[in-house]
Structures are given as C-alpha cells and as structure tokens.
Amino acid sequence: MERERKRQLRSSFLLTLTALIWGVAFVAQSEGMNYVGGFTFNACRFLVGGTVLIPCIFLLRKINGDKRSGMSREEKLRQRKTGIVGGICCGLVICVASSLQQFGIAFTTVGKAGFITALYIVIVPLFGLFLHRKVGLNIWISVAIAAVGMYLLCITEGFSIGKGDFLVFLCAIAFSLHILVIDYFSPKADGVLISCVQFFTAGIISSVLMFLFETPSWSAVLAAWAPVLYAGVLSCGVAYTLQVVAQKDVDPTIASLLMSLESVFSLLAGWVILGQKMGPRELLGCGLVFGAIVLAQIPTEQFRKKK
C-alpha cells in the first residue's frame with residue numbers, strides 16, 4: 001500500500017510538471033500564430049514531437065530490457081500492436097482537440113478559452129459515470145471548487161456563447177475523451193510508443209489539413225522556429241509523454257484536476273514572461289485550484305477504513 005501511494009505521489013508530481021510545461025506553452029502557441037496558420041503550427045509541432053520520441057523508445061527499451069526478456073515473442077507483438085492502435089486513437093482525438101482549441105482561441109478571448117477548456121475537469125467524471133465508474137464525494141467537491149477557481153482566474157468580462165466559445169467547448173469534450181482513451185491504453189502498452197504514434201498520427205492529419213486549407217511557406221515556419229520547437233519538444237515530446245506514463249497510477253478525474261493547473265501556470269507565465277500582473281481575483285482563483293488539488297489527493301477510502 002505504501003509503495004502504491006509513492007507511485008501515486010510521483011505520478012501526481014509528473015502530471016503537475018506536465019501542466020507547467022503546457023501552461024508556458026500558451027505563450028509559444030500565441031507567438032506561433034503570428035507567423036503560421038493553426039494547422040501548420042500543429043503539423044510542425046506534432047511531427048517534431050514524434051521525431052524527438054523515436055530515440056526515447058529505443059533508449060527506454062534498452063533500460064527495460066530485463067523486463068521485456070521475460071516476455072514471449074507473441075506477448076511483445078501483442079503489446080506493440082496495442083501501443084500502435086492506442087497511439088492512432090489518441091492521435092485522432094488530440095488532433096481534433098488541438099485544432100478546435102487553436103482556432104477557437106482566434107474567435108474568443110484568452111480568458112474565456114481558458115475557462116471553457118478547463119471544463120474537462122467536470123466532463124471527465126461525467127463520462128466516468130457512463131463507464132460505470134464510482135466518483136467519491138471529495139472528487140465532486142474538488143471539481144466544484146476548481147471550477148470556481150478557474151472562473152475567477154479566467155473570466156474577466158461578461159460571459160457569452162459565440163463561435164469561438166463553442167469551438168473551445170468542443171475542444172474541452174475532445175480533451176476529456178483523450179484523457180479516457182489514454183487511461184484505457186496506457187496500462188496495456190509502452191507509454192512512449194503510444195505518445196510517439198499519436199504525434200505522428202496527429203501531425204500527418206494536420207499536414208493534410210494544412211495543404212488543403214492553408215498556404216504554408218518555409219520562410220514562415222522558420223520565422224516561428226522558437227515557438228514550434230518549444231511546443232514540439234517540450235509541450236508534445238516531453239509533456240504528453242509524462243501524461244501517458246503518469247496516468248497509469250492516477251485516477252482519470254484526479255489527473256484532469258492536476259492537468260487543469262496549466263491555466264494557473266499560463267497565468268504565471270504571462271506575468272513573468274509577458275509582464276502581466278495578477279490581481280486579488282486571480283490570486284484567489286489560484287488558491288482555490290490548489291485547494292481543490294489537495295482535497296482530491298486525500299485518501300478517503302483509507303480514512304473510512306481506519307474510522
């Protein structure tokens with residue numbers, strides 16, 4: 001039980017680090033759109049992310065060689081096939097989610113987009129109910145607190161449903177599905193393989209859409225090299241891999257709460273990098289979200305047993 005708890009804490013830390021990388025990536029994402037279109041940016045960053053992970057697959061396979069040596073050839077092939085299928089499924093969903101987010105932000109404010117995207121912390125447990133999963137009371141309270149915190153963090157003007165708002169809401173649904181798809185496949189296959197395949201899948205689809213709906217140029221892509229590399233290497237190659245690996249030991253609802261911290265970190269990144277100041281409202285929102293994270297991590301089942 002103690003070892004399992006340590007694994008959960010480690011995975012929670014990795015998911016928080018994932019949220020930090022994604023939060024800072026909002027700056028890169030915003031800057032990249034000044035040079036290239038949404039499909040072009042996504043195609044470049046996904047292909048870069050997939051390429052970065054290729055040597056990681058062989059490196060981790062060499063490190064974990066003893067574990068794999070005990071597996072039969074059929075088991076290895078089955079695990080590899082599951083990883084490829086899982087990666088393709090994840091790639092399809094992440095391509096849809098990222099495209100909706102990228103174009104949704106263009107038609108709405110960043111505050112609205114951040115709050116609406118954060119709705120996946122509510123949508124994930126709702127999807128879990130359809131999958132006959134039990135959700136504890138502390139999780140539901142955490143979701144409510146986190147939702148209020150995200151509202152204080154992101155909403156600074158009158159809320160209205162427009163074209164961009166609707167696109168970002170669809171993005172939140174897609175990200176919720178992505179979390180659940182990863183939760184299904186990650187225990188059954190190599191997480192890095194799943195992540196690599198998902199990026200190449202999303203990159204290829206985005207490339208097709210790029211040539212169909214945009215007019216990409218090498219000069220524009222080269223001008224956006226810094227945000228593309230950050231989004232590709234760190235946001236895709238590192239962060240999504242951490243998500244896939246860490247979610248093996250964390251409940252999907254808790255994982256969604258931890259990853260919702262990306263909005264907090266994006267606010268901090270805007271303050272540090274772009275010089276944007278935080279007022280009392282935003283600081284209260286940060287406190288509520290962190291409080292929700294702490295509440296979600298309380299092992300209520302153990303408490304009830306001891307009681």
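Trainee: What makes H1 and H11 roughly antiparallel to each other?

Mentor: Take the angle in this predicted model. The axes of helix H1 (residues 2-32) and H11 cross at roughly 155 degrees. Angles over 145 count as roughly antiparallel. H1 and H11 are therefore roughly antiparallel. Their axes come within 9 Å, and the crossing is left-handed.

Trainee: Why are H9 and H11 called oblique to each other?

Mentor: Helix H9 (residues 191-213) packs against H11 at an angle of about 130 degrees. Roughly antiparallel needs over 145, and roughly perpendicular runs from 65 to 115. The rest count as oblique. H9 and H11 are therefore oblique. Their axes are 9 Å apart. H9 passes H11 in a right-handed crossing.

Trainee: How do you know that the span of H11 is close to the one expected?

Mentor: Helix H11 (residues 225-246) has 22 residues. The expected span is 1.5 Å times one less than the number of residues.

Trainee: Where does H11 bend, and by how much?

Mentor: The bend is at Ser235, by about 30 degrees.

Trainee: What makes H4 roughly antiparallel to H8?

Mentor: Helix H4 (residues 73-105) and helix H8 (residues 163-185) pack at an angle of about 160 degrees. The cut-off is over 145. That makes H4 roughly antiparallel to H8. The two axes are 8 Å apart, and H4 passes H8 in a left-handed crossing.

Trainee: Which kinds of residue make up the contact of H4 with H8?

Mentor: They divide into 20 nonpolar, 7 polar and no charged.

Trainee: Why does Ile173 count as partly exposed?

Mentor: Ile173 is found in helix H8. Its relative accessibility is 26%. Buried means under 20%, exposed means over 50%, and partly exposed lies in between. Ile173 therefore counts as partly exposed.

Trainee: How far apart are Ile173 and Val124 in sequence and in space?

Mentor: They are 49 residues apart in sequence. In space, Ile173 and Val124 are 8.4 Å apart, C-alpha to C-alpha.

Trainee: Is Cys286 buried or exposed, and how do you know?

Mentor: Look at its relative accessible area of 9%. Buried means under 20%. Cys286 is therefore buried. Cys286 lies in helix H14 (residues 280-297).

Trainee: How far is Cys286 from Ser263?

Mentor: Cys286 and Ser263 are 23 residues apart in sequence. Their C-alpha atoms are 9.2 Å apart in space.

Notes. Residues are numbered from 1 along each chain as its sequence is written. This is a predicted model: local features need pLDDT of at least 70, side-chain atom pairs count only at pLDDT 80 or more; totals for chains, interfaces and linings use all residues. Side-chain values use heavy atoms; hydrogens and water are left out. Helices (H or I, at least four residues) and strands (E, at least two) are DSSP runs, numbered from the N terminus. Buried means under 20% relative accessible area, exposed over 50%, partly exposed in between (1.4 Å probe, protein chains only). Axes are lines fitted to C-alpha atoms, for helices over the stretch in contact, and angles run from 0 to 180 degrees between N-to-C directions. Angles under 35 degrees count as roughly parallel, over 145 as roughly antiparallel, 65 to 115 as roughly perpendicular and the rest as oblique. A crossing is left-handed if the near helix is turned anticlockwise from the far one by less than a right angle, and right-handed if clockwise. Ala, Val, Leu, Ile, Met, Phe, Trp, Tyr, Cys and Pro count as nonpolar, Asp, Glu, Lys and Arg as charged, and the others, Gly among them, as polar. The bend at a residue is the angle between axes fitted to the seven residues ending there and the seven starting there.
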